[in-house]
Amino acid sequence: MLEKIYKTRFNALIFLFVLSSVLFIGLGKVHLFDWDEINFAESAREMIASGNYLRVQIDFEPFWEKPPLFFWLQVIAMKLFGVNEFAARFPNAVFGFVYLATLFLIGAKHFNKKFGLMWALMYIGSILPHFYFKSGIIDPIFNYFIFTAIYFMVRSIHDETHNKRWAVFSGIMSGLSVLTKGPVGFLLLALTLLVFVAVKGRKYFPSLLNILTFFAGFIGIVSIWVGAEVFSNGLSILWQFIDYQIGLLSSPVAGHKQPFYYHFVVVFIGCFPSSVFALPTFFNMRSKSPYELKVWMRSLFWVVMIVFTIVTTKIVHYSSMAYLPLSFLATFYLFNVSWGRQSNRKWLRVLFLIIGLLLGSLLMTVPLLMVNKEILYPLIKDPFALAALQLPVNWTGWEASIWLFFLIAVLFTYFLLKRNRHFKAIAVIGLASFVSLELTLQFMVPKIEAHSQRSAIEFYEELSGEDCYVTTLGFKSYAHYFYFQQPDDQNEQRKNKQWLLTGDIDKPAYFVSKITHKEAEQYDQLKKIGSKGGFDFYVREVGK
């Protein structure tokens, strides 16, 4: 069966297309999560509401953190499917197949079709990469452009023919990465090149003609937006964007300061099983790879991990660019073991078994604990978390069987590895992870979301269309903009929270606060109208 799948490229691509089509199931089943998912979807919604497709906005104010390409993709989806969760997540689900097809085709070209399919399954079967294809965050598409920019740069350096073509393709993809998330897209490519040259020698540095060809493609793409923005609003817009980007890298975002080893922990746990199987490639694994791909992938991995360890803001998906090289290195190791070029290391199989069993057992206990959540109440000291947990959500306990299935797959994979059946081992754990993650997204994540934020979001949805003001007290959120469908009413005072609390308002003002924040109690003019899931809801009527 497996041999028939990778017998031809057509068969493999059809298989990957069918597999990736599952990513579209349930895209709109869960509300968007604060902050990033809602933040980005709101920017796309405001493009549509304002008719301004050049400028990224939040609350109809310039949002200098991101360029517009990803939001353009969300806008297209929203034009097709409406302003909703499905549309916000649609671009990443589409790129799910693009990723799998790309990994397969690169692997098939430089190794063989079996390698390509192993790589695709290794990637989609890893935890965080899979989750991100079901999300509305920028990083999957941003990472794709960086990765393909680096791959085309590799081709331009190592190919004796058509190297100018590969250089311009690299420039185009790098330009698209910058239009997606900013200058860090070019920075990661440049640093990866410098690290590779430092390791392998100056002879691999691109020729002047290749560099000029690269920048022709790069500038041609970037100028599409920059040129239009500067033409419309002047050079000051460009300097404001660059200044914000520098500040973002040099100072931590509130609530996102973590220890220096944060990203290493995130990647090791979040990229299981790739993270385990990639380990031997970091310890003097001598096997050669076409175009020195192993060295390129190691260089990219370390650049990402070091850069985002240095950056003071620590957010889970900042290091997500490391997932691609890590999945390649994992596949490269297992591929070489299957061909007898590397030893089948017992310690690695045992580590895989331990991490897999621990991870699966931990996730299996979540629904079991939620069925008997009363035992957790005395352990929780945060009133907000306790109130959220106490919400009546229909956990049945059968959800644990999702991760019981995963545990069985881990055991089966271990025995396949022991018997040197590595391709079948990847197929089993990759597909089992895929199924477990999909079922988790369908049946567990909606219940987790109900505990975490749904009470507030449902309140905003109830107010949608009402002529009023809506804001939060004591915590940062983008949810009220998107789910209230905040209009651009041209009243700048609505952004002044003190005016909403004490000023001469012209329509009702609603406030959402966490029960741990007591600011609302200072204002007699606020009337408490409800409390649910750790949130308090207040209204101030006109004339109060």
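Tyr99 and Tyr144 are both buried, a class defined by a relative accessible area under 20%, with exposed over 50% and partly exposed in between (1.4 Å probe, protein chains only). The model is predicted, so that local features need pLDDT of at least 70 and side-chain atom pairs count only at pLDDT 80 or more, whereas totals for chains, interfaces and linings use all residues. Residues are numbered from 1 along each chain as its sequence is written, and side-chain values use heavy atoms, with hydrogens and water left out.

Because Tyr99 belongs to helix H5 (residues 85-110) and Tyr144 to helix H8 (residues 139-158), the pair ties together parts 45 residues apart in sequence. Helices are DSSP runs (H or I, at least four residues) numbered from the N terminus.

Phe186 and Phe214 also form a tilted pair, because their ring centres are 6.2 Å apart and their planes stand at 40°. This pair links distant parts of the chain, with Phe186 in helix H10 (residues 184-200) and Phe214 in helix H11 (residues 208-233), 28 residues apart. Phe186 is partly exposed at 26% relative accessibility, while Phe214 is buried at 10%.

Ring pairs also join Phe111, Phe115, Trp119, Phe147, Phe328, Phe332 and Phe335 into a cluster.

How values were computed: Helices (H or I, at least four residues) and strands (E, at least two) are DSSP runs, numbered from the N terminus. Rings of Phe, Tyr and Trp (its six-membered ring) pair if their centres lie within 6.5 Å; planes under 30 degrees apart count as stacked, over 60 as edge-to-face and the rest as tilted.
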